[in-house]
Amino acid sequence: MAATLDVNGKPLAVQAAEDTPLLWVLRDELGLTGTKYGCGIAQCGACTVLADGAPIRSCLTPIAAVAGAKITTIEGLEGRHRLQESWVKLDVPQCGYCQSGQIMSAAALLAQSPQPTDAEIDAAMSGNICRCGAYQRIHAAIKDAAGQTPAADTQTQA
Amino acid sequence: MNAPFDRRHTQAGPSRRDVIVTATAAGGALLVGCSPTNLMALGAEGEVGAFGPFVKIAPDGAVSVVCKHIEFGQGNHAGLAAIVAEELDADWTRVGWEHAPANAKLYANGALGAQLTGGSSAINNSWDQLRKAGAGARAMFVQAAAARWDVAVGEITVENGVVSHAASGRSADFRELLPDAAKITPPTEPTLKDPARFTLIGTDRVRRKDSRAKSTGQTRFTMDVQAEDLLVAMVAHPPRFGAKVASFDATAAKAVPGVVEVYEIPTGVAVVADNTWAAKQGRDALTVTWNEDAAETRSSADILTRFQGLTDGSAALAEGEEWQAFESRGDAAAQMQVGGQGETLEIGYDFPYLAHATMEPMNCVAQVSGNQARLTFASQGPTLDQLNVAKVVLNLPGSVEIETLPAGGSFGRRANFQSDFVVECVEIAKKVGKNRPVKLVWTREDDMSAGYFRPLVHHRVKVVTDAQGYPSAWTHRIVTQSIMKGAPFGGGGVDETAVEGAKGSPYLAATPHVDAQLLTPDIGVPVLWWRSVGATHTAYVMEHTIDQLARKAGQDPVEYRRALYRKADAKRHLAVLDLAVEKSGWAEPAPEGWTRGVAVHECFGSVVAQVAEVKMENGEPKVGRVVTAIDCGTAISPNQIAAQMEGGTCYGLSAALYGEVTLTEGRVDQTNFDTYRVLRHNEAPTVETYIVAQPAGAHPTGVGEPGTPVIGPAVANALLALTGEAITAQPFVKTSA
C-alpha cells in the first residue's frame, strides 16, 4: 500500500509496507543514505532522525508510526546547521559512520536546550555510540555550536 | 591490526627499488609516482598502471594524493597528503586525496610486503616514498619554469603552489606550468627538503579532508552503495563455529515479497532480495538444520579454566601442544628456588574474547561475470582479498578489481587471512552471475557472533625482587590461541602477535633472570588482531604487575619505573613518562575524590605514557582526566595524533571496563550492544595529548594503535592505589548476557 511521508519538507510517496522500519525506506527506497544502520534495536543511535523535532531511532520505527510527522534527516540540515560547522571546525569525525546520528541527536538537544549543561549533553548523547571514541570532540562541538567555550580543549605540544 | 608478515621489516620502510620516481600524463593531468622497478621507459602516454601514481595534478592545478592505505577513521589520508604537499610546496587548501586501486605491486605496504593497512604503519612506511614523489613533482615544475623563463633552476622557488623567480619578478601556478612540466623527465632521486624547513608538517593546519562530508551524511560507505539492478543478500550462519548446513527449507523465505532467490553457500544459506528489509525478513524466515559434527562446542569458561590449569600445573598438555620460549636470560628457575632477597609476587591475569564491533557491520558489494570479479567495498587488505576472491572465481589475483571505499571502522576486523565476509559475498555474486551487483549486509547480530575475536588470553607471572625491591627473576607464561597459526604468510616459531609487549619490555630487560614462554592451544573459534593486538593484554600485565611491585617495594610507581627504565636504557620511555608526569601534576595531590594511576607502553614504534584520574561512581570506575604523552617520531598532524589518542583511549577503556564475548557450549552469548557493552558518551574521559619534541626529520611512527593499550593498566593502577587490590581479570565491570 502506498503511503506518503513528509521528509525534509517534501511529501514523498513510498511503496513499502506500513510495518517497514523508516530506516530502510529512507535508505533503500528514497536513497537518503546519510542515515545509518548500526544495530537494528535502538541501542546505538546511528539511525537517529527527527520526527516533529524529536529524535527517534528509525531502525525500530515503522513508517505507519510517522505518518503525518515532519521527518528530518541529516540531508535535511543541508550542511548549514551550526552543529555541522562546529563538527568540521573541531574535526570531530573519525570513521564518520555514526556522525549523522550524533548530529541529529545534538540538533534535537540544541533545539530544546540552546545552552545545554554538561549533564544535559551527557543525557542527550549517551544513546549514540561512537566506536572510534570521538565523544570528547562531540561534546566540545556541541558546546562550540551553543556558543560556549569547551571546558577542556584538546591540547598538543610539538 | 599488526604486521602479519615478516615483522623484521616493520621499521625498514620501502626498499630502494620501490622509490624510483616516474611520471606520466593522462587526460591532461600530470601523474607522478614511484615504480616497483625501473619503468622509466613508459608505455603509451595515458596508460595508467605502468607505475603507481601517488600525486595527480589536474589541469586546473588541483592536487590529489593517491593513498595506498584505507581510511577507516585513523585520519591517515591527511598525513599522507601532507607529506606530498610539504615536498611539493602545494597549496594545502587545494590538496585532496583518493584511495589507490588494488595493486599489490604498485601499492604494497613497504613494511608488510602486501597492499594492506595495519600495524599502525601507513605513515611510517609511506614517509620516504611520498616525500620523493612530492619532491619529484616539484622538480618537474621547477625545471619547466626555468626553461620557460630561461633562468637557472637554483633561482626558482615554490610556495603554496606558486612557482616564482624573484629576480625577474615572474611567477606561475601549477595549472599554468602543467603542460610544460608534463614533458619533463623527473629526477629518479629528487632532492628532499631539509626537515628543518618544513612549513606544513607538524602544524595545526594538517587537518582531515573528510570532516565536512562525514558531517553531512555525504560520505559513501559500502552500506550506501546503490545501483539500479543491485540485489541485497543476507546469510543464515551456523550457531556454532565449524558447523555446516545439513538441510534447509526456503519456502517461507521465498514467500516474502522482494525475496528473489535462496542459495546454499559454503558459509550458510543466503537470501537474495530487492532490498535490505526484504532480505532480512527472508533470512529470518529460513528453516535451517545444521550439521554440528565438527563444531566447536566448548564454553569460554571451560577454555579459560584449562588455560589457567596449563600455567599452574593442574592441566596436562595435549598432544601437539608445547611451550615456546620467547625471552630467556640467566637462570630464573634457580633464582625462584633460592628466593629473592626481597618480595615474591605471583599472579594470574585473564582476558576475554573481544568483538571489534565496528559501527558499520561487515559488508561488501561484488559482481561476478564468468571468472571476472569486481568489488566495491572497504578493503583493508586488497592483496589478501584479491588472493581469496581469485580462488572463488578461478582467476589470477591481479584480475580481481577492487574499488576501496572508506570503512565505518575496522580496528583490525576487515583484514584477515580468509577475507571471510568478502569471499561470502563473492560466493553469492557468483551464484547470481551476469555481472549483477550483490550487496552482502551483515546485521549487528551477524557481525557480533561471527567470531574473529581478540583471543581469550591467560597470563601467569612470578617475580622475585632483590634487596632494593627491583625484579631479580621473572617467569612469565602466556596461554592464548595463535592469530598467525594457519596464515598463508610467515608462520612458524613463536607467534609474535601473542607476546609482543611482554617480549622486549624494558622491565624484562632490567631483570637479570627471565624465563618467558608461550603456549598456543588450538580452539575452533576464529581469532584476529584487535587494535594494538598483543599489547591489548601484555601492556596490562606488565604495567599492572609493575605497580604491584612498586607497592611491595614501598616506592612511588613513577620513581620505580624510572629506575627500571634507567637500568634498561629505555630513554623514550623515560621521556614520555616525564612529560606525562609533568603535565598531569603527578607531584601534587589529585583533585578531591580522584585517584591517579600511571602506565607506559611501547608498540608500533611509538611510546605512550598516560596518567589517568579515576574514582568509583555508582559502583563502577569512572575515568576523568587522562594526560597522554606520546613519542611518535615526527608529528605530521598534531590534531589527528590527538584524535587517535582520544579515540584509542576510549577503545581501550571500553574493553577494560566492559568488553567481553563469552561462549556457552560453543554459542556466542552476546548478540548486540544491549549485551556487549561499549563505552558511551557519559562514560568517556577527557584526554589531553602532549607530543614529545623530536629532532627534525625523525622517522614518523604509529599512532592508530598505541593509544589503546595504556588506559586499562593506568585505570587498574589507580584502583590499586585506591583499594590496595590488584585487578586480575578484564572486564572490570561484568555485564550479564
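Interface and helix contacts in a predicted model

Chain A and chain B together bury about 5100 Å², with 53% of that on carbon and sulfur atoms. The model is predicted.

Reader: How many residues of chain A and of chain B are in contact?
Author: On chain A there are 56, and they are in contact with 64 residues of chain B.

Reader: Why are B:Asp224 and A:Arg27 said to form a salt bridge?
Author: The closest N and O atoms of B:Asp224 and A:Arg27 are 2.9 Å apart. The rule asks for a side-chain nitrogen of Lys or Arg within 4 Å of a carboxyl oxygen of Asp or Glu, so the pair qualifies. Across the interface of chain A and chain B the rule finds five salt bridges, and 30 residue pairs are in polar contact, both residues being at pLDDT 80 or more.

Reader: Which helices of chain A supply at least two residues each to the side that touches chain B?
Author: They are α1 (22–29), α2 (82–89), α3 (99–112), α4 (118–125) and α5 (135–145). By class, that side of chain A has 24 nonpolar, 22 polar and ten charged residues.

Reader: What describes the packing of two helices?
Author: The angle between their axes and the distance between the axes. In chain B, the axes of α1 (residues 76–88) and α2 (residues 122–149) come within 7 Å and cross at roughly 35°. The crossing of α1(B) and α2(B) is right-handed. Residues making the contact include B:Leu80, B:Ile83 and B:Val84 of α1(B), and B:Trp127, B:Leu130 and B:Phe141 of α2(B). By class, this contact has eleven nonpolar, four polar and three charged residues.

Reader: What makes B:Arg131 and B:Glu87 a salt bridge?
Author: The side chains of B:Arg131 and B:Glu87 meet at 2.8 Å, N to O. The cut-off is 4 Å, so the pair counts as a salt bridge. B:Arg131 is in helix α2 of chain B and B:Glu87 in helix α1 of chain B, 44 residues apart, and the pair links distant parts of the chain. Over all chains, the search finds 54 salt bridges.

Reader: How do you know that the peptide bond from B:Gln730 to B:Pro731 is cis?
Author: The omega of that bond is near 0°. B:Pro731 lies in the segment after α18 (711–723) of chain B.

Reader: What is the phi of B:Ala357, and where is B:Ala357 found?
Author: B:Ala357 has a positive phi of about 50°, although it is not a glycine. B:Ala357 is in the loop between β15 (344–351) and β16 (363–369) of chain B.

Conventions
Residues numbered from 1 in each chain as written. Chains lettered and ligands numbered in written order. Predicted model: local features only at pLDDT ≥ 70, side-chain atom pairs only at ≥ 80, totals over all residues. Heavy atoms only, no water. Contact = heavy atoms within 4.5 Å. Buried area = accessible area lost by both parts, 1.4 Å probe. Polar contact = N/O pair within 3.5 Å; in protein donor to acceptor, adjacent residues only side chain to side chain. Helix = DSSP H or I, 4+ residues; strand = E, 2+ residues; numbered from the N terminus. Nonpolar A, V, L, I, M, F, W, Y, C, P; charged D, E, K, R; others polar. Axes fitted to C-alpha atoms, helices over the stretch in contact; angles between N-to-C directions. Left-handed = near helix turned anticlockwise from the far one by under 90°.
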